[in-house]
Amino acid sequence: MSHAFHVDHLFGDASEKPLDRVVPNGGYARILRTIGIVGDSLSAGEYETKNAQGESEYTDIYENSWASYLANVSGIKIKNFSRGGMTAREYLDSWAEKNNFWQAGSDCLAFIVALGVNDLFFRGVPIDHADDSQADYSSSFKEQFCEILQRYRAISPKAKFFLMTMPKGQLLSEWNLLADQHRQLMYEIAAQTSDCYVIDLRAYAPELTTDAREKLYLNGHLSPIGYVWLSDMVGSYLDYLIRQHYADFVQIGFPY
């Protein structure tokens, strides 16, 4: 007996959670066609190795990043604007300008923005000064992050933005608190920004336990297997968001 092809099944329902359905080829994310990635080491495919003295050495290998793996299986054109150790402040002050990332050639149908680890954990940048009228807003992570979105919105007015949260893992207690605050901020920014969505790895990705790190990590960063794993999660999450908000994407086929 043949089974009917139900369109409703393709789009899921309200009970479906992100990453309930894993798609190895990006699924409906393929309609985005060009995606710009703004991130740090996790997006740049950084590998951490040890030298003869046991000291860590870091190398960005973009062709082995999760973004490149997603491009390979989906056919999406990826423009990777990331770099290991990147902060929102450095991106605004020098990195984007130096590499011509504010130019028309950086236009995309979508942008995935994954920043915050280096800013909040290692540089001590305050996450938000919204409650302090005397604060220097330019030093706030929220202000810096939103300025990046605005700069790319000026280049690609119709682009969709996807903001990534940090997955759960074995972090210091104060880092976990900052990661939770970062997650809340991503939802706040998405709610205040048109065509903006959250890839919430903190809530829906598997926790990076000791066993998971043994299988997916090379020292303190992901291994090649780990980057493929993350690629499948990001592609599947994009697919989920597009299916859940299908009305937002019906005109995505038109030029920028």
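At 38% relative accessibility, R33 counts as partly exposed, where buried means under 20% relative accessible area, exposed over 50% and partly exposed in between, with a 1.4 Å probe and protein chains only. R33 is placed in the loop between α1 (7–11) and β1; helices (H or I, at least four residues) and strands (E, at least two) are DSSP runs, numbered from the N terminus. Although R33 is not a glycine, its phi is positive, at about 70°. The model is a predicted one, in which local features need pLDDT of at least 70 and side-chain atom pairs count only at pLDDT 80 or more, whereas totals for chains, interfaces and linings use all residues. Residues are numbered from 1 along each chain as its sequence is written, and side-chain values use heavy atoms, with hydrogens and water left out.

A positive phi also occurs at N100, a residue other than glycine, with a value near 60°. N100 is located in the loop between α4 (88–98) and β5 and is partly exposed, with a relative accessible area of 48%. Helix α3 itself (residues 66–74) is mostly covered, seven of its nine residues being buried. These buried residues are W66, A67, S68, Y69, L70, A71 and S74.

The five strands β4-β1-β5-β6-β7, in that order, form an open sheet with parallel pairing; two strands pair if DSSP finds at least two bridges between them. At the edges stand β4 (77–80) and β7 (196–199), each of which pairs on one side only. From one strand to the next the twist averages 20°, with axes taken as lines fitted to C-alpha atoms, for helices over the stretch in contact, and angles running from 0 to 180 degrees between N-to-C directions.

Strand β1 (residues 34–39) is mostly covered, with six of its six residues buried. In a regular strand the side chains alternate between the two faces of the sheet. In β1, T34, G36 and V38 point one way and I35, I37 and G39 the other way, and all are buried. Strand β1 runs parallel to β4, to which it is joined by four bridges, and I37 has N80 of β4 as its bridge partner. Strand β1 is also parallel to β5, with five bridges joining the two; here I35 stands opposite A110. Strand β5 (residues 110–114) in turn pairs with β6 (residues 160–164) in the parallel sense over four bridges, and A110 stands opposite K160 in β6.

The largest pocket holds about 790 Å³ of space. On a 1 Å grid over the protein atoms alone, a pocket is an open set of points where a 1.4 Å probe fits, with protein on both sides within 12 Å along at least five of seven lines, and lining residues have an atom within 4 Å of a point. Grid points are joined across faces, edges and corners, and the volume is the space filled by probe spheres set on the points. The lining of this pocket comprises 34 residues, of which S41, V117, Y217, G220 and H221 are the closest to its centre. At least two lining residues are supplied by each of α2 (41–44), β2 (46–50), α5 (117–122), α7 (173–192), β9 (221–222) and α10 (224–244). The largest share, four residues, comes from α5. By class, the lining has 18 nonpolar, eleven polar and five charged residues; Ala, Val, Leu, Ile, Met, Phe, Trp, Tyr, Cys and Pro count as nonpolar, Asp, Glu, Lys and Arg as charged, and the others, Gly among them, as polar.

Within helix α10 lies L230, which counts as buried at 3% relative accessibility. L230 and G169 are 61 residues apart in sequence, and their C-alpha atoms are 14 Å apart in space. In the segment after α10, D248 is found; it counts as partly exposed at 36% relative accessibility. A separation of 13 Å is computed between the C-alpha atoms of D248 and L238, ten residues apart along the chain.

The structure holds zero disulfides, a disulfide being a pair of cysteine sulfur atoms within 2.5 Å. C146 is in no disulfide, and the nearest cysteine sulfur, that of C196, is 8.8 Å away. This distance is too far for a bond. Both cysteines are buried, C146 with a relative accessible area of 18% and C196 with one of 10%.
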